[in-house]
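Me: Hi! I'd like to talk through a model with you, one quick question at a time. Here it is.

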Protein chains: 2
Amino acid sequence: MIGRLNHIAIAVRDLGAASRLYRETLGAEVSAPQPLPEHGVTVVFITLPNTKVELLEPLGETSPIAGFLDKNPDGGIHHVCYEVEDILAARDRLVSSGARVLGGGEPKIGAHGKPVLFLHPKDFNGTLIELEQA
Amino acid sequence: MIGRLNHIAIAVRDLGAASRLYRETLGAEVSAPQPLPEHGVTVVFITLPNTKVELLEPLGETSPIAGFLDKNPDGGIHHVCYEVEDILAARDRLVSSGARVLGGGEPKIGAHGKPVLFLHPKDFNGTLIELEQA
């Protein structure tokens, strides 16, 4: 069912500093920051030859990553995103196996304009998993 | 400098249960478990079309992931591994930029039989980064 690793997402406090670190110290290709107010984050994309890393900085009063940064003041790996061909079929398979889908189970349009779901970390070894319809 | 994402590593308490979850619930291709006593872990490899996920279970009394599992009882994403062409050149560039390389800075032979280094998470947004010479 799961296909490519679409991205890993790392929550950071200071997107400018983190972008410089990846660009200058690690020598990676880092995009300009993109504010995504509807998702409560500003993001930069780091393009690797086989996948992407996304750096997320909180945006606005109710950012979904604010709590994570309270618990992880230095930042940290926030989630991984796997691609699926059919997100509704994936959801139904997961729900029938007893896994919990966050937010009521209806896919939302994610940061890449495609339908996404998030799975409960308690059901997946403490890992927040995003599924994105490829 | 950094190239492909070689793998993400997820620490788990029960490798059998985690393997079933990835194989049956998430429908992924999961290898047989491989004990790596010299690294203090037993590992399974999950093959995705563009990269790998490694599930790590502690092995032995002094596993390097035991402390992580004490802090994260459900498990969690433990590190990410980026490939580099020349690990000594990468190390020298990192050290000259002020980043801390763990374990004295000499590459060791990692779980894939190639030279690896780990970078201090405090210097990289709370992310433990492994570099592997490709």
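Me: Let's start with one side chain: does B:Tyr22 count as buried or exposed?

Reply: B:Tyr22 counts as buried, at 0% relative accessibility. Buried means under 20% relative accessible area, exposed over 50%, and partly exposed in between, with a 1.4 Å probe and protein chains only. Before we go on, this is a predicted model, where local features need pLDDT of at least 70 and side-chain atom pairs count only at pLDDT 80 or more, while totals for chains, interfaces and linings use all residues. Residues are numbered from 1 along each chain as its sequence is written, chains are lettered from A and ligands numbered from 1 in the order in which they are written, and side-chain values use heavy atoms, with hydrogens and water left out.

Me: Good to know. How many aromatic pairs are there over all chains?

Reply: The count comes to one aromatic pair over all chains. The rings of A:Tyr82 and B:Tyr22 have centres 6.5 Å apart and planes at 90°, so this pair is edge-to-face. The rule takes rings of Phe, Tyr and Trp (its six-membered ring) with centres within 6.5 Å; planes under 30 degrees apart count as stacked, over 60 as edge-to-face and the rest as tilted.

Me: And where do A:Tyr82 and B:Tyr22 lie?

Reply: A:Tyr82 lies in strand E6 (residues 76-84) of chain A and B:Tyr22 in helix H1 of chain B, so the pair joins two chains. A:Tyr82 is buried too, with a relative accessible area of 0%. Helices (H or I, at least four residues) and strands (E, at least two) are DSSP runs, numbered from the N terminus.

Me: Which other residues of H1 in chain B are buried?

Reply: Helix H1 of chain B covers residues 15-25, and its buried residues are B:Leu15, B:Ala18, B:Ser19, B:Leu21, B:Tyr22 and B:Thr25. As background, an α-helix has 3.6 residues a turn, so residues three or four places apart point the same way.

Me: What happens at the ends of H1(B)?

Reply: At the start, a side-chain oxygen of B:Asp14 reaches to within 3.0 Å of the backbone nitrogen of B:Gly16. After the helix comes B:Gly27, with a positive phi near 65°. In chain A, A:Asp14 caps the N-terminal end of H1(A), with a side-chain oxygen 3.0 Å from the backbone nitrogen of A:Gly16.

Me: Changing topic: how much area do chain B and chain A bury between them?

Reply: They bury about 3,300 Å², with 62% of it on carbon and sulfur atoms. B:Leu26, B:Asn50 and B:Asn125 supply 20% of the area that chain B buries against chain A, more than any other three residues. Buried area here is the accessible area (1.4 Å probe) that two parts lose on being put together, summed over both. In contact terms (heavy atoms within 4.5 Å), 41 residues of chain B touch 41 residues of chain A.

Me: What about salt bridges between the chains, how many are there?

Reply: There are two salt bridges between chain B and chain A. B:Asp74 forms a salt bridge with A:Lys122, and their closest N and O atoms are 3.2 Å apart. The rule asks for a side-chain nitrogen of Lys or Arg within 4 Å of a carboxyl oxygen of Asp or Glu.

Me: Which element gives the largest share of chain B's side?

Reply: That is H1(B), with six residues of the side that touches chain A. By class, that side of chain B has 22 nonpolar, twelve polar and seven charged residues. Here Ala, Val, Leu, Ile, Met, Phe, Trp, Tyr, Cys and Pro count as nonpolar, Asp, Glu, Lys and Arg as charged, and the others, Gly among them, as polar.

Me: You listed B:Asn125. What is its phi?

Reply: B:Asn125 has a positive phi of about 55°, although it is not a glycine. B:Asn125 sits in the loop between strand E8 (115-119) and strand E9 (129-133) of chain B, and is buried at 14% relative accessible area.

Me: Last one: which residues form a salt-bridge network?

Reply: A:Arg91 bridges to A:Asp92 at 3.1 Å, N to O, and to A:Glu106 at 3.0 Å. A:Arg91 is in helix H3 (residues 87-96) of chain A and A:Glu106 in the loop between H3 and strand E7 (108-109), so the pair ties together parts 15 residues apart in sequence. Shared partners join A:Arg91, A:Asp92 and A:Glu106 into one network.

Key: Polar contact = N/O pair within 3.5 Å; in protein donor to acceptor, adjacent residues only side chain to side chain.
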